[in-house]
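Reader: I would like to learn how to read a structure like this one. Please show it to me, and then we can go through its features in turn.

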Amino acid sequence: MITKNSLLNIEMILNQLEKHDGMSVADFGCGNFGFFVFPLARLIGENGKLYAVDIFKSALDEIKRKARLENLPQVETIWGNLEKVGGVKIPDNELDAALLVNTLYQAGKSMEMLKETARTLKKGGTFVIVDWTQEPAPFGPPIDSRIKKDKLKLALTKIGFDFKTEFNPGDYHYGLVFIKQ
């Protein structure tokens with residue numbers, strides 16, 4: 001069975017963030033396994049704040065339970081609709097960094113999702129996006145539902161981001177890093 005851990009290099013993805021004590025980070029579309037939530041929570045430490053955001057309350061319940069078991073008080077779960085600007089209860093300009101991993105291809109309103117993330121990031125904040133490439137794969141979403149990285153780069157520069165770098169997080173994914181202007 002293919003799991004997210006075997007598909008993506010989590011360490012490489014997290015290394016795209018400039019970490020500092022007390023930083024505020026969100027994993028948008030965190031899912032119920034917390035593949036990024038728990039490593040990020042340990043990385044930012046108890047003085048940091050990690051928002052685990054998802055539209056599925058059952059996923060958030062699982063994250064909350066596991067965070068309590070692992071004594072990670074810096075993890076806060078938030079139910080939110082990323083496809084609506086203002087749909088996530090994180091204040092404007094709150095975050096030092098945001099992750100959006102394997103989430104955009106699922107969105108009916110991907111541009112709104114990008115705008116909502118932009119709203120929550122501070123000026124100079126880092127936005128890491130990982131999604132499926134356009135290459136055929138033995139699994140994953142249909143190619144026509146995947147977001148082309150060039151289209152994504154253009155969209156983000158139009159809403160106030162500078163493109164920083166591209167990286168390879170796994171065989172079937174691309175990774176992009178942006179900085180909010």
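**Reading the fold and its contacts**

Author: The protein chain has six helices and seven strands. Helices (H or I, at least four residues) and strands (E, at least two) are DSSP runs, numbered from the N terminus. This is a predicted model, in which local features need pLDDT of at least 70 and side-chain atom pairs count only at pLDDT 80 or more, while totals for chains, interfaces and linings use all residues. Residues are numbered from 1 along each chain as its sequence is written, and side-chain values use heavy atoms, with hydrogens and water left out.

Reader: What radius of gyration does the protein chain have, and what would a compact globule have?

Author: The radius of gyration is taken over C-alpha atoms, and the globule rule is 2.2 Å times the number of residues to the power 0.38. For 181 residues, a compact globule would have a value near 16 Å; the protein chain has 15 Å, which agrees. The C-alpha trace spans about 40 × 40 × 30 Å along its principal axes.

Reader: Which kind of pair do Phe163 and Phe178 form?

Author: Phe163 and Phe178 are edge-to-face, 5.6 Å centre to centre with 65° between the planes. Phe163 lies in strand β6 and Phe178 in strand β7 (residues 173–180), so the pair ties together parts that are 15 residues apart in sequence. Phe178 is buried, at 0% relative accessible area, whereas Phe163 is partly exposed, at 36%. Phe127, Phe161, Phe163 and Phe178 form one aromatic cluster.

Reader: Which charged end sits over the ring of Phe163?

Author: A charge sits over a ring if NZ of Lys or CZ of Arg is within 6 Å of the ring centre and within 35 degrees of the ring normal. For Phe163 the charged end is that of Lys153, 4.5 Å from the ring centre. Lys57 likewise has its charged end over the ring of Trp79, 5.5 Å from the centre.

Reader: How many salt bridges does the structure hold?

Author: A salt bridge is a side-chain nitrogen of Lys or Arg within 4 Å of a carboxyl oxygen of Asp or Glu. The structure holds eleven. Among them is the bridge between Lys164 and Glu18, whose closest N and O atoms are 3.2 Å apart. Lys164 is in strand β6 and Glu18 in the loop between α2 (10–14) and β1 (24–28), 146 residues apart. Glu18 is exposed, with a relative accessible area of 56%.

Note on methods: Rings of Phe, Tyr and Trp (its six-membered ring) pair if their centres lie within 6.5 Å; planes under 30 degrees apart count as stacked, over 60 as edge-to-face and the rest as tilted. Buried means under 20% relative accessible area, exposed over 50%, partly exposed in between (1.4 Å probe, protein chains only).
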